[in-house]
Amino acid sequence: MTYAIQDLVIRDVAPVDTGELTKLLADAMGDGLVAQWLAPEVTVRREYAPAYFGIFAEHAIRYGEVYTSVDEHTGELSGVALWFPLTAPLPGPADYDVRIKNASESAFDRVRILDAALEAHHPLEPHHYLAFIAVQPRLQNRGIGSALLDRHHARLDDAGIPAYLEANDPRNRDLYLRHGYVCRPEIRLEDDGPSIWPMWREPMA
């Protein structure tokens, strides 16, 4: 099923090219503030990012809900959102620790720190969790992220289900605020790491 929005098409992914999703996530987020904290060396980060994001792309295809935005003129994949419906227990990614360590042994300890911090703040009540949303860098600031959010929010509002995410950049945080999210207590990663803002959205009538 597809949903036309201006020059985009928002679609549920089926079938899916995991490699294409992973590349988009790595291109858009692989040099972000958290990514730089996880792997300060650029060369390490460039090798590590695809392996890291590939874990979550595969997991979302199996257990979550994946949306992409596609330019209806070129067919280019321009954005992706990975949601997990945490209204019932879900398994974690298969062989997670092994795959994270294989991705980059030097980043492994900081990934564990990050995961522990996020888990400590993750709400227990049923909700849908936006693990990642990414837009091709050259196509940002065109409303693609908002279109992806609106697509799933409409479903959540109809079902009366809240949403949760972690913003890792002030600009992204402000975007989510405009979409009805409210900030919860800030997470500050150790070793002068960046701030992360847990954010919650109640369903809207």
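This is a predicted model: local features need pLDDT of at least 70, side-chain atom pairs count only at pLDDT 80 or more; totals for chains, interfaces and linings use all residues.
Reader: Which residues touch the most other members of the largest nonpolar core?
Author: They are Leu25, Tyr52, Leu114 and Phe132, in a core of 41 residues. A nonpolar core is a set of buried Ala, Val, Leu, Ile, Met, Phe, Trp, Tyr and Cys residues joined through side-chain atoms within 4.5 Å. Buried means under 20% relative accessible area, exposed over 50%, and partly exposed in between, with a 1.4 Å probe and protein chains only.

Reader: Which helix gives the most to this core?
Author: Helix 3 (residues 42–63) does, with 8 residues. Helices (H or I, at least four residues) and strands (E, at least two) are DSSP runs, numbered from the N terminus. Apart from this core lies another, of 20 residues, including Trp83, Ile133, Ile161 and Ala167.

Reader: What is Tyr52 in contact with, beyond its sequence neighbours?
Author: Leaving aside residues within four places in sequence, Tyr52 is in contact (heavy atoms within 4.5 Å) with Ile100, Val111, Leu114 and Phe132. Tyr52 is buried, at a relative accessible area of 8%.

Reader: How many aromatic pairs are there?
Author: There are 9. Rings of Phe, Tyr and Trp (its six-membered ring) pair if their centres lie within 6.5 Å; planes under 30 degrees apart count as stacked, over 60 as edge-to-face and the rest as tilted. Tyr52 and Phe53 make an edge-to-face pair, 5.3 Å centre to centre with 80 degrees between the planes. Phe53 is buried as well, at 5% relative accessibility.

Reader: Turning to helix 5, why does its length agree with expectation?
Author: Its 17 residues (105–121) should span 24 Å at 1.5 Å a residue, and the end C-alpha atoms are 26 Å apart, which agrees. The expected span is 1.5 Å times one less than the number of residues.

Reader: Which residues of helix 5 are buried, and what covers them?
Author: The buried residues are Ala107, Phe108, Val111, Leu114, Ala117 and Leu118. Their cover includes helix 2 (33–38), helix 3, helix 4 (96–103), strand 6 (163–167), strand 8 (187–188) and strand 9 (195–201).

Reader: Where is Glu166, and is it buried or exposed?
Author: Glu166 lies in strand 6 and is buried, with a relative accessible area of 14%. Not counting residues up to four places away in sequence, Glu166 touches Leu118, His122, Tyr129, Ile196, Trp197 and Pro198. The C-alpha atoms of Glu166 and Pro198 are separated by 4.3 Å, although these residues are 32 apart along the chain.

Reader: Which side chain makes a polar contact with that of Glu166?
Author: The side chain of Tyr129 does, at 2.6 Å. A polar contact is a pair of N or O atoms within 3.5 Å; within protein, one must be able to donate a hydrogen and the other to accept it, and residues adjacent in sequence count only if both atoms are side-chain atoms.

Reader: What about Ser195?
Author: Ser195 is in strand 9 and is buried, with a relative accessible area of 12%. A polar contact of 2.3 Å joins its side chain to that of Glu186.

Terms used: Residues are numbered from 1 along each chain as its sequence is written. Side-chain values use heavy atoms; hydrogens and water are left out.
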